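Biologist: I would like to learn how to read a structural model feature by feature. Please take the general idea first and then the case at hand.

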Amino acid sequence: MILKGTLPALLTPYNNDGSVNEKEFMRYCEFGISKGLDGLFCNGSAGDSQALGLEEQIRLMKLTKEAAKNDVPVITGIASTIYQNTFILAQKAYELGLDALLLAMPYYYKLNEDALFEYVKDLASKIKLPLYVYNIPLFAPALSLKFIERVAKLDKIVGIKDSSGDALLLNHILDVVPSDFAVFVGREEFYAGGLFAGAKGSMTAIGGVFPELMSEIYRAMNEKNYDRALLIQKSLLKAIRFGMSMAFPMGFALLLKARGFEFANTSIHPLSSITKEELNTRLNEAKELIKLIEKETGVSL
């Protein structure tokens with residue numbers, strides 16, 4: 001098994017000029033590892049990967065690998081509407097010593113599932129690292145159970161991150177894929193439930209905001225301490241709602257700011273006046289949420 005346990009979908013912090021704040025990104029990664037994360041996931045949706053150029057994505061791979069210090073595995077997203085860019089990212093990840101790749105389906109051009117299957121099959125035949133497919137209907141074509149069952153049989157395809165939020169689909173995925181095909185939860189609201197059903201771990205934005213709590217859910221479920229896992233899961237729901245209540249991923253960035261990190265000062269995307277106002281006025285709300293979660297879980301944050 002390449003990956004297991006709790007991984008964060010890493011956000012990307014920016015300097016005021018829009019460049020990546022590399023020092024803060026490293027601090028954020030190292031903090032998460034110190035709080036129990038089992039790996040790091042860069043260049044995902046929460047990290048603005050589709051708004052960053054190839055050079056910036058490759059630089060984030062380098063920084064993430066450096067932060068991991070070979071103590072935990074690193075997976076990177078390689079999604080692009082440009083096939084050659086996807087392959088370039090996959091090759092660079094191999095050269096930099098990363099451990100695995102995550103592929104969301106190409107968006108914009110509405111390829112049918114036969115075409116998507118050939119896309120994945122062709123890429124898998126050329127890459128040198130294990131590949132996880134990514135079901136994220138929020139941003140890319142939704143993957144059917146039939147499609148997932150087909151790609152799970154391909155060489156180099158070792159797992160899936162499912163961000164559909166569909167518990168029924170997740171259960172069916174776990175039923176039809178091979179036993180060594182790793183299923184990861186992509187929606188933090190269902191981490192405990194997903195683990196109980198047989199998922200191997202999670203890759204979520206809230207995993208980077210509250211690494212100690214998401215890691216404890218994983219430990220508690222493995223120890224069959226279900227009451228503890230569900231208590232933490234329930235306590236985190238309010239923070240997840242907060243994170244999703246603003247232009248994605250700025251709500252999660254604001255939670256990180258409330259935890260003392262240099263996030264949410266700016267974005268790679270132009271922000272509306274409403275979002276800018278929320279970033280100023282809702283910081284105290286984020287801090288109060290953290291205090292409440294600390295009280296409910298008994299974990300010092």
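Biologist: What does the accessible surface of the protein chain come to, and what share of it belongs to carbon and sulfur atoms?

Modeller: Some ground rules come before the value. This is a predicted model, in which local features need pLDDT of at least 70, side-chain atom pairs count only at pLDDT 80 or more, and totals for chains, interfaces and linings use all residues. Residues are numbered from 1 along each chain as its sequence is written, and side-chain values use heavy atoms, with hydrogens and water left out. Accessible areas come from the Shrake-Rupley method with a 1.4 Å probe, and for residues only the protein chains shown count as cover. Here the accessible surface of the protein chain is about 13100 Å², and 51% of that belongs to carbon and sulfur atoms.

Biologist: How many of the 301 residues, as a percentage, count as buried?

Modeller: Buried means under 20% relative accessible area, exposed means over 50%, and partly exposed is in between (1.4 Å probe, protein chains only). By that cut-off, 55% of the 301 residues in the protein chain are buried.

Biologist: How many helices and strands does the protein chain have?

Modeller: Both are DSSP runs numbered from the N terminus: helices are H or I with at least four residues, strands are E with at least two. The protein chain contains 13 helices and eight strands. Its radius of gyration is 18 Å, close to the 19 Å of the globule rule for 301 residues, so the chain is as compact as a globular protein of that length. The radius is taken over C-alpha atoms, and the rule is 2.2 Å times the number of residues to the power 0.38. Along the principal axes, the C-alpha atoms fill a box of roughly 50 × 45 × 35 Å.

Biologist: What share of the contacts is between residues 24 or more positions apart?

Modeller: Contact means heavy atoms within 4.5 Å. Among contacts in the protein chain with a separation of 6 or more, 73% are between residues 24 or more positions apart.

Biologist: How many positive and negative side chains are there, and how far apart are the centres of the two sets?

Modeller: Lys and Arg count as positive, Asp and Glu as negative, and His and the chain ends are not counted. Each charge is placed at NZ of Lys, CZ of Arg, CG of Asp or CD of Glu. The protein chain has 33 positive and 35 negative side chains, with the two centres 1 Å apart.

Biologist: Which residues of helix 6 are buried?

Modeller: An α-helix has 3.6 residues a turn, so residues three or four places apart point the same way. In helix 6 (residues 167-176), the buried residues are L169, L170 and I173. Seen down the axis, they fall within an arc of 100 degrees, so they line one face of helix 6. That arc is of the directions from the helix axis to the C-beta atoms. On the other side of helix 6, L168 and D175 are exposed. The cover over the buried residues of helix 6 includes strand 5 (131-135), helix 5 (145-151) and strand 7 (182-185).

Biologist: Which residues does a cis peptide bond join?

Modeller: Most residues other than glycine have a negative phi, and most peptide bonds are trans. In this model a cis peptide bond joins F248 and P249, with omega about 5 degrees. P249 sits in the loop between helix 10 (226-244) and helix 11 (250-258).

Biologist: What is phi of D48, and what is phi of K69?

Modeller: D48 has phi near 65 degrees, a positive value in a residue other than glycine. D48 is in the loop between strand 2 (40-42) and helix 2 (54-68), and is buried with a relative accessible area of 6%. Phi of K69 is near 55 degrees, also positive; K69 lies in the loop between helix 2 and strand 3 (74-77).

Biologist: Is F252 buried or exposed?

Modeller: F252, in helix 11, is buried at 1% relative accessibility. Leaving aside neighbours within four places in sequence, F252 is in contact with residues including L11, E188, I206 and M244. F252 and I206 are 46 residues apart in sequence and 7.2 Å apart in space, C-alpha to C-alpha.

Biologist: And is D71 buried or exposed?

Modeller: D71 is exposed, with a relative accessible area of 60%. D71 lies in the loop between helix 2 and strand 3.
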